[in-house]
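Subject: Structure handover, with notes on the sheet and a helix contact

Dear colleague,

I am passing on the structure below, and I would be grateful if you read the notes beside it.

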Amino acid sequence: MQAWQVHENGEPGEVLRLADVARPVPGDGQVLLKVRAANINFPDALLCRGHYQVRPPLPFTPGVEICGETEDGRRVIANPALPHGGFAEYAVADAAALLPAPDALDDAEAAALHIGYQTGWFGLHRRAGLEAGETLLVHAAAGGVGSAAVQLGKAAGATVIGVVGGPGKAAVARELGCDVVIDRRAEDVVAAVKEATGGRGADVVYDPVGGEAYTQSAKAVAFEGRIIVVGFAGGTIPSPALNHALVKNYSIMGLHWGLYNTKNPKLVQHCHEQLTELAARGAIKPLVSERVPLPGAAAAVQKVADGLTTGRIAVVMEEAAA
């Protein structure tokens with residue numbers, strides 16, 4: 001089979017190599033899956049660079065999120081078990097963690113429903129307790145993680161403010177349903193949030209960026225607001241001033257979705273049921289901005305690494321795309 005492999009760490013476009021390799025052999029409790037589509041996530045770029053919290057042995061195939069097909073023909077969503085990731089014709093995954101692919105979504109959309117939407121659902125509902133009528137501020141609202149949070153926030157009845165970089169991404173954020181869109185390159189984010197909320201600030205802030213975005217979050221969060229920290233795509237891990245959280249009376253919450261797979265996997269299944277129902281009635285639909293064939297995967301991962309994308313890029317197998 002064909003698979004992209006990383007033999008040394010570095011920039012995705014430089015270290016990913018397409019090769020003919022043997023099909024992976026499932027271990028105990030694992031299944032072999034024929035990959036129908038693989039969604040590209042920022043962690044795939046971090047894996048290539050050797051900067052992710054998980055470091056699979058070299059050589060490895062990245063691709064942490066797929067829509068695949070079981071040997072008996074079932075269409076499923078899975079997180080492949082590294083080092084046999086999803087940027088290949090076949091991958092392996094834990095049998096107990098397979099989730100049925102929603103009928104309402106095609107392969108690329110189904111592949112993109114998992115990590116970003118699960119993270120959004122757990123962050124907004126399990127951690128922050130977002131309620132209808134509250135204001136949700138989403139950083140990087142046109143990106144893969146942010147776009148999921150925007151849709152989930154709207155589905156929950158919140159007023160959603162999206163922060164983006166540039167007019168192109170602003171247009172995407174509006175199409176996603178943001179009630180207010182702030183272009184951080186042209187506007188003062190904190191002032192714009194205060195203006196949009198009558199000076200109150202945002203009840204919930206969803207931050208996958210870190211760095212300056214977190215600094216803005218702390219200034220723009222409302223009394224008894226909740227800041228959900230889900231990642232550091234901006235490259236800088238902030239150091240919160242806890243005295244500021246004290247005097248302003250807000251909460252800082254971390255969310256590592258992957259922990260639920262081991263700490264409480266039933267919640268992951270419950271979340272998927274909620275997401276499937278939302279997809280069935282059209283309340284959420286992953287924004288797949290580009291579909292590329294397997295030979296285009298390395299360039300696409302580099303594009304994600306460079307922050308040049310909106311929504312998701314999916315690697316779609318030719319048979320599935322036909």
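This is a predicted model: local features need pLDDT of at least 70, side-chain atom pairs count only at pLDDT 80 or more; totals for chains, interfaces and linings use all residues.

Residues are numbered from 1 along each chain as its sequence is written, and side-chain values use heavy atoms, with hydrogens and water left out.

Helices (H or I, at least four residues) and strands (E, at least two) are DSSP runs, numbered from the N terminus. Six strands form an open sheet with parallel pairing, in the order β10-β9-β8-β11-β12-β13, where two strands pair if DSSP finds at least two bridges between them. Because β10 (180-183) and β13 (251-254) each have a single partner strand, they stand at the edges, and one side of each is left without a neighbour in the sheet. Neighbouring strands are turned by 20° against each other on average, direction ignored; for all such angles, axes are lines fitted to C-alpha atoms, for helices over the stretch in contact, and the angles run from 0 to 180 degrees between N-to-C directions.

Strand β11 (residues 202-207) is mostly covered, with six of its six residues buried, that is, under 20% relative accessible area with a 1.4 Å probe, protein chains only. It pairs in the parallel sense with β8 (residues 135-139) over three bridges, and Val138 stands opposite Tyr206 of β11. With β12 (residues 221-229), β11 pairs in the parallel sense over five bridges; Val204 stands opposite Arg226, and Ala202 has Val221 as its bridge partner.

Helix α7 (residues 189-196) lies across β8, β9 (159-164), β10 and β11, and runs at about 165° to β10. Helix α8 touches β8, β11, β12 and β13, its direction making about 155° with that of β12.

As for the helix pair, the axes of α4 (residues 115-127) and α11 (residues 265-280) come within 10 Å and cross at roughly 100°, and the two are therefore roughly perpendicular, a term used for 65 to 115 degrees. Among the residues that meet are Tyr117, Trp121 and Arg126 in α4 and Leu267, His270 and Leu275 in α11.

Best regards

Note on methods: Angles under 35 degrees count as roughly parallel, over 145 as roughly antiparallel, 65 to 115 as roughly perpendicular and the rest as oblique. Contact means heavy atoms within 4.5 Å. Buried means under 20% relative accessible area, exposed over 50%, partly exposed in between (1.4 Å probe, protein chains only).
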